[in-house]
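The sequence and model come first.

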Amino acid sequence: MFSAQPTNKSNTVQISHPSIKKAGVELFIKRLDLPDPISMGNKGYKLKHNLIEAKNQGLDTILTFGGAYSNHIVATAAICNKEGLKSIGIIRGNEIEVLNPSLNYANEQGMKLHFVSREEYRNKENKNFIDALTERFGSFYMVHEGGSNKLGVKGCMEILESEDAIYDTIAVACGTGTTLAGIVSSLNENQNAIGVAVLNAQDYLEKNVLKYIPEKRKTQFEIINDFHFGGYAKSNDELNNFVESFNAQSGIEIEPIYTGKLIYAITEMINNRCLKPNTKVLALHTGGLQYIKLK
Ligand SMILES: *Cc1c(COP(=O)(O)O)cnc(C)c1O
């Protein structure tokens, strides 16, 4: 049985389970999904300095990209709405006829949705394509798919707080590795980080992280590629059952695309004694609940 106990930090809980105890490890979860499970998570951190930069450039419109269920699209729509910025979402797939709950929510937040073919989407960073978007929508500040850029990393350097210096290992789910790059950049020298790949990215994630982090932090992170379950959003009964029992037992909601793979991976690594006794692990709950919460 998993259970969650409060710690003296309001956004962090300790997770208990007989097998965690047996391994002599301590596991904590930092709740970036609070207080708002729909728009919070890591995406707000990735956007923060991009929105500041847009305002500095005198631009009031953010344009970004994503799939039909994208956490990044939903978060961008909500945060731009809150900040008084206009937003445009370029959505992969022009066959979409009825808005799903995620896109419907983005639309309600005032995001202009523009559907493009998968082919166009693949070439979305081409100059011709961007020029055509500018022609259509006027000038905008562009944020890459998933909020992946240097300013995104800068925002993610603000995730860990000074109190988090007590943890030995920080663990996070990786899609583009931007969040991990921010975490690694902000580590103390006696800490390390584990990134659990949620897609079959081979060495792409490692390269992306190395691009952004200071030289002296290069040996302080590791990407775990064993728990993507076949690829992005791929799952099986084992993972689904794990996520369901974890939710029911701990009262902390996780989902099978990101945080489910993270917590599954960490508990497997603990069971397999990949983490030394007395290690204090802090896993980041990066959100991703919109596609469960929005109906
Ligand atoms: C986007 C996302 C991630 C991955 O973040 P990257 O910076 O792209 O690695 C992790 N967890 C959740 C819930 C996300 O929505």
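## Basis

This is a predicted model, in which local features need pLDDT of at least 70 and side-chain atom pairs count only at pLDDT 80 or more, while totals for chains, interfaces and linings use all residues. Residues are numbered from 1 along each chain as its sequence is written, and side-chain values use heavy atoms, with hydrogens and water left out.

## Largest pocket

The volume of the largest pocket is about 1000 Å³. A pocket here is an open set of points on a 1 Å grid over the protein atoms alone, where a 1.4 Å probe fits, with protein on both sides within 12 Å along at least five of seven lines. Volume is the space filled by probe spheres set on the points, which are joined across faces, edges and corners.

Its lining (residues with an atom within 4 Å of a point) has 49 residues, and Ser70, Glu145, Gly146, Tyr232 and Tyr258 lie nearest the centre. Both domain 1 (3–32 + 159–293) and domain 2 (42–147) contribute to this lining, so the largest pocket lies between them; the domain bounds come from an automatic or database assignment.

## Ligand

The ligand is surrounded by 15 residues, with Lys43, Asn71, Thr176, Thr179 and Thr286 the closest; the criterion is a heavy atom within 4 Å.

An N or O atom in the side chain of Lys46 is 2.7 Å from a ligand oxygen. A polar side-chain atom of Thr176 is 2.6 Å from an oxygen atom of the ligand, and one of Thr286 is 2.6 Å from a ligand nitrogen.

Methods: A polar contact is a pair of N or O atoms within 3.5 Å; within protein, one must be able to donate a hydrogen and the other to accept it, and residues adjacent in sequence count only if both atoms are side-chain atoms.
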